Amino acid sequence: EEREEFYKKEWDEIQRLENLLDSLIHVSRLESGMIQIQPEMGSLKNTLVQAVNSVYMKAYEKSIDISLDEFLDVQIVHDSKWTGEVFVNILDNAVKYSPEHTEIRIRVTELATCMMLEFIDQGTGIPAEQQENLFKPFTEVKDLTTGDGLGLPICSLIAAKMNGSLTLDTGYTKGTRFILELHV
């Protein structure tokens, strides 16, 4: 029994290190231009639904509802793989840091020059003193972090490579609200 517990802890540590290595490789490749963002015309709704589906079971296990406000599907120029990666990372964090029996809400608004996606959760929020460096590599939210501090910087890099932006609504006081703008 003790050996099995040791193996499980070691396996978890190996998984954490593999995730860290993957994240470091992503950051390095994005910054060096080795990963090419290949935007093409595609359905924003399809990309978003695929991302929701990939985190659905984690949310279900915590009794967290993911609600997507109804919106007209728009064909926009984006790299569906990497845009999906941004969606998944934001949603995965929202599930990870939200208590059971809460909701993650996704709103999509078409503006004159961009599509604005809001990811709103009822989680623990991010302390004001830590918000400034949130998109810098290896910045972790103290007392909450179980990750590697690279997810949001990677998402921010991907958004920037597509002439978009990822921001945190610093005035939001109940949980977190991330805003992703994808220019049309």
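This is a predicted model: local features need pLDDT of at least 70, side-chain atom pairs count only at pLDDT 80 or more; totals for chains, interfaces and linings use all residues.
Reader: What makes up the protein chain, and in which order do its helices and strands come?

Author: The protein chain has five helices and seven strands, and read along the sequence they follow the pattern α-β-α-β-β-α-β-β-α-α-β-β. Of its 184 residues, buried residues make up 40%. The accessible surface comes to about 11000 Å², and 50% of that belongs to carbon and sulfur atoms.

Reader: Why is threonine 102 called buried?

Author: Threonine 102 has a relative accessible area of 12%, and buried means under 20%, so threonine 102 is buried. This residue is found in the loop between helix H3 (80-97) and strand S4 (103-110). Not counting residues up to four places away in sequence, threonine 102 touches Ser63, Ile64, Asp65 and Gln122, and its side chain reaches the backbone oxygen of proline 99 at 2.7 Å.

Reader: Why is the pair of glutamate 70 and lysine 45 called a salt bridge?

Author: The closest N and O atoms of glutamate 70 and lysine 45 are 3.2 Å apart, and the term asks for a side-chain nitrogen of Lys or Arg within 4 Å of a carboxyl oxygen of Asp or Glu, so the pair forms a salt bridge. Glutamate 70 lies in the loop between strand S2 (65-68) and strand S3 (75-78) and lysine 45 in helix H2 (residues 44-61), so the pair ties together parts that are 25 residues apart in sequence. The structure holds seven salt bridges.

Reader: Is glutamate 70 buried or exposed, and how do you know that?

Author: The relative accessible area of glutamate 70 is 71%, and exposed means over 50%, so glutamate 70 is exposed.

Reader: What makes arginine 177 and glutamate 118 a salt bridge, and are the two residues buried or exposed?

Author: The side chains of arginine 177 and glutamate 118 meet at 2.4 Å, N to O, which is within the 4 Å that the term requires. The pair links distant parts of the chain, with arginine 177 in strand S7 (residues 177-183) and glutamate 118 in strand S5 (residues 114-120), 59 residues apart. Arginine 177 is at 15% relative accessibility and glutamate 118 at 4%, and buried means under 20%, so arginine 177 and glutamate 118 are buried. Salt bridges that share partners join Arg107, Glu118, Asp169 and Arg177 into one network.

Reader: What is in the largest nonpolar core, and which parts of the chain supply it?

Author: The largest nonpolar core has 37 residues, and those with the most contacts inside it are Phe87, Leu117, Phe119 and Leu180. At least two residues each are supplied by H2, H3, S4, S5, H5, strand S6 (165-168) and S7, with H3 giving the largest share, seven residues. Leucine 117 touches, among others, Leu44, Leu48, Phe87 and Leu180.

Reader: Why does valine 74 count as buried although it is found in a loop?

Author: Valine 74 is found in the loop between S2 and S3, but the term rests on relative accessible area, with a limit of under 20%; at 14%, valine 74 therefore counts as buried. Its contacts, not counting residues up to four places away in sequence, are Gly42, Ser43, Leu44, Glu110 and Met115. Valine 74 and lysine 45 are 29 residues apart in sequence and 7.1 Å apart in space, C-alpha to C-alpha.

Reader: Why is methionine 57 called partly exposed?

Author: Methionine 57, which is found in helix H2, has a relative accessible area of 48%, and exposed would mean over 50%, so methionine 57 is partly exposed. Together with Tyr56 and Tyr60, Met57 forms a nonpolar patch on the surface, with about 360 Å² of accessible area.

Note on methods: Residues are numbered from 1 along each chain as its sequence is written. Side-chain values use heavy atoms; hydrogens and water are left out. Helices (H or I, at least four residues) and strands (E, at least two) are DSSP runs, numbered from the N terminus. Buried means under 20% relative accessible area, exposed over 50%, partly exposed in between (1.4 Å probe, protein chains only). A polar contact is a pair of N or O atoms within 3.5 Å; within protein, one must be able to donate a hydrogen and the other to accept it, and residues adjacent in sequence count only if both atoms are side-chain atoms. Contact means heavy atoms within 4.5 Å. Patches are made of residues with over 30% relative accessible area and no salt bridge: like charges are joined within 9 Å, nonpolar side chains (Val, Leu, Ile, Met, Phe, Trp, Tyr) within 5 Å. Accessible areas come from the Shrake-Rupley method with a 1.4 Å probe; for residues, only the protein chains shown count as cover. A nonpolar core is a set of buried Ala, Val, Leu, Ile, Met, Phe, Trp, Tyr and Cys residues joined through side-chain atoms within 4.5 Å.
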